[in-house]
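Dear colleague,

Please read them with the model open beside you.

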Amino acid sequence: MSQLPSTDESTPENKTLRIATRESALALWQAEYVKAELERIHPDLSVELCPMTSRGDKILDVPLAKVGGKGLFVKELETSMLAGETDIAVHSMKDVPMEFPEGLGLAVICPREDPRDALVSNTYDSFDALPQGAIVGTSSLRRQCQLSSIRPDLEIRFLRGNVNTRLAKLDAGEYDAIILAAAGLIRLEMAERIKQFLEPELSLPAGGQGAVGIECRTDDEQVLALLKPLHDDAAAIRVTAERAMNRRLEGGCQVPIGCYAELEGEEVWLRGLVGRPDGTVILSDEVRGPKAQASELGIQLAERLLSAGAGDILQEVYGHSIK
């Protein structure tokens, strides 16, 4: 990762940068990571965290797919930036909508953590070891449709809340196992809770899972210059392909869509799927092509999935057809 020298002219004396962040432990970890990196690269810069609660954090008793709307975890943060109360917002990329409000945009993608899903259980060591009828907790239609297609005998039960809340419900015996993003557990130093990393062939990740993005005002050239050294090209190429597929499918964090890009030399290998929430139908496909065409590859894969019938599945979830 390139670094700006500490004497960089874009760092004015006594400059304070304010980070909008959600209040969950994982969101605060991500914001603290960005704060530490910025202060390391720009020693004269002071960085403050401005924690706030999003609508998605407040609604915990309803599946996100039934809440409706996009940007459930970012709207309050974006409002604070547009009002000039904060300068940047740090997000989990899988929570970031495809479109940004006028005046805001994605500045950088930071290095990506392990994007896989993880099985967490106090009793069973692997997905295959789960007994018939085991209760598995997740709030994700993406995870639900894939796991149900492989193991229709499992009882997939609704589970919302931050990482600690979900683990507490598992520990209280409400579930035989729960599925979480491996990245969150690793970042919160809870990797020992992971019994099995679920490979993409078993559970294709969500677009952007494991990646941290930074949003800011698009006309704030000084802030853009400060953020530039945090950008990771490899992560950005992969996330660009995934988000392009998601955008064409009108996807978000609460729909049964999986997409995962890997770099193979100068090429991108992008896999995608759309499934009925109950797992009775799973449509999957993949494309390969030059990494310079990451966005085009994402759109191409989405079109192939739509041609295979993904639009009908998503219409049932969205309540409207995809143009």
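Which residue of strand 8 does D117 stand opposite? The residue facing D117 is A181. Please keep in mind, here and throughout, that this is a predicted model.

The two strands concerned are strand 5 (residues 117–120) and strand 8 (residues 177–181), which pair in the antiparallel sense over four bridges. They belong to an open sheet of five strands, whose order is 7-6-8-5-9 and whose pairing is mixed. At the edges of this sheet stand strand 7 (155–157) and strand 9 (194–198), and because each has a single partner strand, one side of each is left without a neighbour in the sheet. From one strand to the next, the twist averages 30°.

Two helices lie against these strands. Helix 5 (residues 141–150) lies across strand 5, strand 7 and strand 8, and runs at about 130° to strand 8. Helix 6 (residues 163–171) also packs on the sheet, where it touches strand 5 and strand 8, with a direction that makes about 165° with that of strand 8.

Turning to charged side chains, a search of the whole structure finds 24 salt bridges, and I describe some of them here. R22 and D95 form one of these, with their closest N and O atoms 3.4 Å apart. This pair links distant parts of the chain, since R22 is in strand 1 (residues 16–22) whereas D95 is in the loop between strand 3 (88–92) and strand 4 (104–109), 73 residues apart. R22 counts as buried because its relative accessibility is 15%, and D95, at 13%, counts as buried too.

In another salt bridge, the side chains of E262 and R271 meet at 2.6 Å, N to O. Here E262 counts as partly exposed, at 25% relative accessibility, while R271 counts as buried, at 9%.

R276 forms a salt bridge with E316, and the closest N and O atoms are 2.6 Å apart. This pair, too, links distant parts of the chain: R276 is in the loop between strand 12 (267–275) and strand 13 (282–290), and E316 is in helix 11 (residues 310–318), 40 residues apart. R276 counts as partly exposed, at 24% relative accessibility, whereas E316 is exposed, with a relative accessible area of 54%.

Technical notes
Residues are numbered from 1 along each chain as its sequence is written. This is a predicted model: local features need pLDDT of at least 70, side-chain atom pairs count only at pLDDT 80 or more; totals for chains, interfaces and linings use all residues. Side-chain values use heavy atoms; hydrogens and water are left out. A salt bridge is a side-chain nitrogen of Lys or Arg within 4 Å of a carboxyl oxygen of Asp or Glu. Buried means under 20% relative accessible area, exposed over 50%, partly exposed in between (1.4 Å probe, protein chains only). Two strands pair if DSSP finds at least two bridges between them. Axes are lines fitted to C-alpha atoms, for helices over the stretch in contact, and angles run from 0 to 180 degrees between N-to-C directions. Contact means heavy atoms within 4.5 Å.
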